[in-house]
Amino acid sequence: MELNRSAIKQQARELLKGRVLKLFFIMFIIGIITGAASGVSTSVSNINNAFDIPNSSGDINIGEYSDLDDVEEFFENQTEPSVSAPTAAAASIAGSLGGIIAFLLSPLNIMLIAVFLFLIKGQDLSFGDGLTYIFKNTFSKNYLNLILHQFLKGLFLGLLFMLFIIPGVIFYYKWYFSETILAENPAMEWKDAMDVSKKMTNNHKGELFVLDLSFILWGLLCIVTFGFASIYVGPYIKTTKALYFENFRQRGFANGEINPDDFYSQSKYQLPKQENYQSPQYQQPQYQAPVQPQYQAPAQPQYQAPAQPQYQAPAQPQYQQPQYYQPPVQPQQQPDRMPDEAIYNPLGAYAPQPAVPQPETESTNEQSFEQPDGEL
């Protein structure tokens with residue numbers, strides 16, 4: 001299954017937000033250091049062209065100079081070189097030294113890739129830390145290993161491109177990730193890095209070819225803008241290729257094409273051989289289940305209901321009939337009247353008052369209920 005190129009590029013653009021200038025200046029400084037030496041070599045080669053014997057009339061036609069006098073005339077018509085022979089020799093030596101220095105500094109470009117590997121793994125190095133890491137891990141005990149990789153890979157690819165174009169392209173994409181592998185594992189042998197890259201890119205070289213083609217328009221943009229677009233394009237391409245490397249590796253793990261042990265040098269990390277080694281007799285111990293303590297439920301305390309207090313109805317007060325108000329008995333007043341013997345007669349005649357009967361006394365009543373003796 002091919003990788004989603006658009007999704008990976010989108011991820012690269014997300015990672016570059018706020019980090020473009022920092023990454024560009026790191027690339028710019030490394031490019032100046034490695035490119036200055038190669039620039040000296042190129043400029044010196046242009047100086048050496050001044051010592052070629054030019055012909056004022058153009059190309060030399062040997063048939064036109066058959067006589068000795070004509071040959072002398074030919075040399076008289078040539079222009080004098082603009083510099084002396086010692087100066088040309090010094091320039092040639094300087095050009096050779098520039099090429100050698102550029103080659104010796106080429107491992108810096110390998111360790112530059114490590115800055116972008118840190119970026120995609122979430123470790124954003126600062127400007128100073130990035131440059132320090134590049135120089136510290138380039139000029140270390142692994143420097144010879146890195147320089148051998150640069151020399152031998154460049155030699156093989158140069159010969160293949162000179163002899164056969166198509167095989168050169170095939171081997172270029174076969175070893176596409178060798179620098180990235182060394183950037184992540186500088187102690188890994190250069191030949192092991194090339195072998196692992198071969199495994200990772202097996203049957204997937206077309207994806208890398210299409211990836212490189214997708215950057216053509218970005219390159220044209222840099223040309224049109226006189227290099228100003230490279231401030232963004234350079235870190236963008238490096239970040240995308242670092243993401244491609246990580247996705248190729250994870251897919252290789254999933255498909256069984258590679259395994260994590262492939263990223264360690266076999267010559268350095270190979271375990272020593274054991275001679276006459278016999279594994280010890282391992283006796284399986286008899287497993288005895290631990291004695292489980294008998295579980296005793298804790299004694300449950302007997303629940304005693306709290307004594308309910310006996311309810312005593314409050315003493316009801318004895319009801320006493322309320323004493324109603326009884327008005328005092330007014331003594332009956334006898335109206336004033338005339339004596340009994342005289343009562344007023346409206347007719348004006350005086351008449352005597354009739355006698356009022358007197359009530360019977362108690363003695364009279366008791367005598368009335370007495371019964372004669374002997375009668376029941």
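How many cavities of 30 Å³ or more does the structure hold? The structure holds one. The model is predicted: local features need pLDDT of at least 70 and side-chain atom pairs count only at pLDDT 80 or more, while totals for chains, interfaces and linings use all residues. Residues are numbered from 1 along each chain as its sequence is written, and side-chain values use heavy atoms, with hydrogens and water left out.

**View 1. The protein chain comprises 15 helices and zero strands.** Helices (H or I, at least four residues) and strands (E, at least two) are DSSP runs, numbered from the N terminus. Of the 376 residues, 28% are buried (under 20% relative accessible area, 1.4 Å probe, protein chains only).

**View 2. The largest cavity is lined by residues that include Lys22, Gln123 and Asp124.** A cavity is a set of points, on a 1 Å grid over the protein atoms alone, where a 1.4 Å probe fits but cannot get out; lining residues have an atom within 4 Å of a point. The space within is about 30 Å³, the volume being that filled by probe spheres set on points joined across faces, edges and corners. Leu23, Ile26, Val115, Leu119 and Leu125 also belong to the lining. Helices α2 (20-48) and α5 (107-120) each supply at least two lining residues, and the largest share, three residues, comes from α2.

**View 3. Phe164 lies in the loop between α7 (143-163) and α8 (165-174).** Phe164 belongs to a nonpolar surface patch together with Phe151, Leu155, Phe156, Leu159, Met162 and Leu163.

Definitions and conventions
Buried < 20%, exposed > 50% of the residue type's maximum accessible area, 1.4 Å probe, protein only. Patch = residues over 30% accessible without salt bridge, like charges linked within 9 Å, V, L, I, M, F, W, Y side chains within 5 Å. Areas by Shrake-Rupley, 256 points an atom, 1.4 Å probe, with all protein chains shown as cover. Salt bridge = Lys/Arg side-chain N within 4 Å of Asp/Glu carboxyl O. 1 Å grid on protein atoms, 1.4 Å probe; cavity = no way out; pocket = protein on both sides within 12 Å on 5 of 7 lines; lining within 4 Å.
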